[in-house]
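The points may be followed with the sequence and the model side by side.

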Amino acid sequence: NITVVAPAANSFNNANFTVNVNTTERVSGLRNVSFRLENNTMNFSWVEANTAIATLATGRFYNASRFNITRWDNVNLNATNGGFTIRFNVTDTAGNQNTSVTVNFTIDTVFPSVSFINPLNNLNQTGNFTINATVTESNIDSAWFRWVNGSSSAADGRGPWVTMTRGTATTFNGTFTNLTVAPALFDGNYTIELNVTDSASNQNTSVYIQLILDNNQPLIAAM
């Protein structure tokens with residue numbers, strides 16, 4: 001009996017992933033546990049798993065190092081994003097072999113694409129305002145924003161990451177609320193950074209805009 005622990009069935013994974021499997025066969029009665037990668041064009045070589053935890057009743061097998069999908073058993077795959085299968089092979093000392101257990105998953109090495117809708121770059125903002133972004137990604141996991149200002153009272157000049165909510169299939173929204181910061185943010189130049197992560201843990205933190213926060217009324221001097 002074989003139970004696949006990782007990768008999870010129908011999950012999204014980036015280029016590096018861990019393979020774990022449990023078997024209820026007594027470890028003393030096992031000859032080996034191995035697995036191989038398959039896709040719609042070929043079957044790759046079998047790779048023997050290592051014993052991580054062993055008792056008289058059960059065995060837990062895994063490969064100690066994370067696999068890089070561009071190489072398999074020291075062979076260059078030049079794999080593209082898409083669907084893959086891992087097939088497991090458990091053989092006992094009597095020669096009984098089980099190769100029927102498989103797990104299907106998707107390799108995704110592409111970072112999400114994201115762009116700001118609002119606010120526009122290099123504009124003045126006052127009070128609380130909405131942050132909108134468009135995300136191009138089929139398996140989006142989360143979207144966040146934060147402010148950055150080197151002269152602020154925050155310890156490192158950065159605010160906390162704030163969760164954005166899904167507006168439509170491709171847009172995410174968040175609210176910049178400067179009064180929730182203790183103390184409130186000073187007027188000045190700020191950068192708004194985005195952090196968009198997909199289900200394969202590909203993370204895009206390269207998109208940002210700059211703006212001027214201005215909450216003070218103009219001063220009028222009496223003549």
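**Charged pairs and nonpolar cores**

1. Both R36 and E38 are buried. In this predicted model, the two residues form a salt bridge with each other, and their closest N and O atoms are 2.8 Å apart.

2. E38 has a further partner: its side chain also meets that of R87 in a salt bridge, again given as 2.8 Å from N to O. E38 belongs to strand β5 (residues 30-38) and R87 to strand β12 (residues 82-92), so this pair ties together parts that lie 49 residues apart in sequence.

3. How exposed is R87? Its relative accessibility is 23%, so R87 counts as partly exposed. E38 has a relative accessible area of 9% and is therefore buried, the limit for that term being under 20%.

4. Another salt bridge joins the side chains of E193 and R146, at 2.9 Å from N to O. This pair links distant parts of the chain, since E193 is in strand β22 and R146 is in strand β18, 47 residues apart. Both E193 and R146 are buried.

5. The largest nonpolar core holds 22 residues, of which I131, M164, F176, I192 and L194 touch the most other members. The elements giving two or more residues to this core are β15 (113-118), β17 (129-136), β18, β21 (171-176), β22 and β24 (208-213). Apart from this core lies another, of 18 residues, including V33, V90, V101 and F105.

6. What does M164 touch? When residues up to four places away in sequence are not counted, the contacts of M164 are I131, A133, A143, W144, F145, F172, N173, G174 and L194. Two of the names in that list, I131 and L194, are also among the core residues that touch the most other members.

Note on methods
Residues are numbered from 1 along each chain as its sequence is written. This is a predicted model: local features need pLDDT of at least 70, side-chain atom pairs count only at pLDDT 80 or more; totals for chains, interfaces and linings use all residues. Side-chain values use heavy atoms; hydrogens and water are left out. A nonpolar core is a set of buried Ala, Val, Leu, Ile, Met, Phe, Trp, Tyr and Cys residues joined through side-chain atoms within 4.5 Å. Buried means under 20% relative accessible area, exposed over 50%, partly exposed in between (1.4 Å probe, protein chains only). Helices (H or I, at least four residues) and strands (E, at least two) are DSSP runs, numbered from the N terminus. Contact means heavy atoms within 4.5 Å. A salt bridge is a side-chain nitrogen of Lys or Arg within 4 Å of a carboxyl oxygen of Asp or Glu.
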